[in-house]
Amino acid sequence: MPIYEYCCPQCGTEFQKLVYGQAAVVCPSCQSPEVRRTLSLFGIRGGSGTVASEGGGGACCSAGGCRCH
Ligand SMILES: [Zn+2]
């Protein structure tokens, strides 16, 4: 059962959520649908670059508490 970590660029909230299929994920704090998946089982996989290094420089990181760096 996949548990993904998300962060919300709108308010900087980080949260984990069980995701089934393509279920929509919204921020539990501000209900924004614009959440970003951060660390996850998918993000850690090898290959051409990582999710963390490519898209980790957003508002979530500057908000502190980010574990992708
Ligand atoms: Zn939010």
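Start by selecting the zinc ion: its site is tetrahedral, with angles of 104 to 118 degrees among the four donor atoms (four donors count as tetrahedral if all angles lie between 85 and 135 degrees). For reference, the ideal angle for four tetrahedral donors is 109.5 degrees. You are looking at a predicted model, where local features need pLDDT of at least 70 and side-chain atom pairs count only at pLDDT 80 or more, while totals for chains, interfaces and linings use all residues. Residues are numbered from 1 along each chain as its sequence is written, and side-chain values use heavy atoms, leaving out hydrogens and water.

Next, show the SG atoms of Cys8, Cys11, Cys27 and Cys30, the protein donors, 2.2 to 2.3 Å from the zinc ion (donors are N, O and S atoms within 2.8 Å of the metal, or 3.2 Å for Na, K and Ca). Along the chain they follow the spacing C-x2-C-x15-C-x2-C.

Now color two of them by accessibility. Cys8, at 0% relative accessibility, is buried, whereas Cys11, at 38%, is partly exposed (buried is under 20% relative accessible area, exposed over 50%, partly exposed in between, with a 1.4 Å probe and protein chains only).

Then switch to cartoon for the open sheet, ordered β2-β1-β3 with antiparallel pairing (strands are DSSP runs of E, at least two residues, and two strands pair if DSSP finds at least two bridges between them). The edge strands are β2 (14–18) and β3 (36–37).

Select β1, residues 3–7, joined to β3 by two bridges; Cys7 has Arg36 as its bridge partner there. Five bridges link β1 to β2, and Tyr4 stands opposite Lys17. Because four of its five residues are buried, β1 is largely enclosed by the rest of the structure.

Finish at the hairpin of β1 and β2, where Gly12 in the turn has a positive phi of about 80 degrees.

Key: Four donors count as tetrahedral if all angles lie between 85 and 135 degrees; four count as square planar and six as octahedral if opposite donors are over 155 degrees apart and all others between 65 and 115; anything else is irregular.
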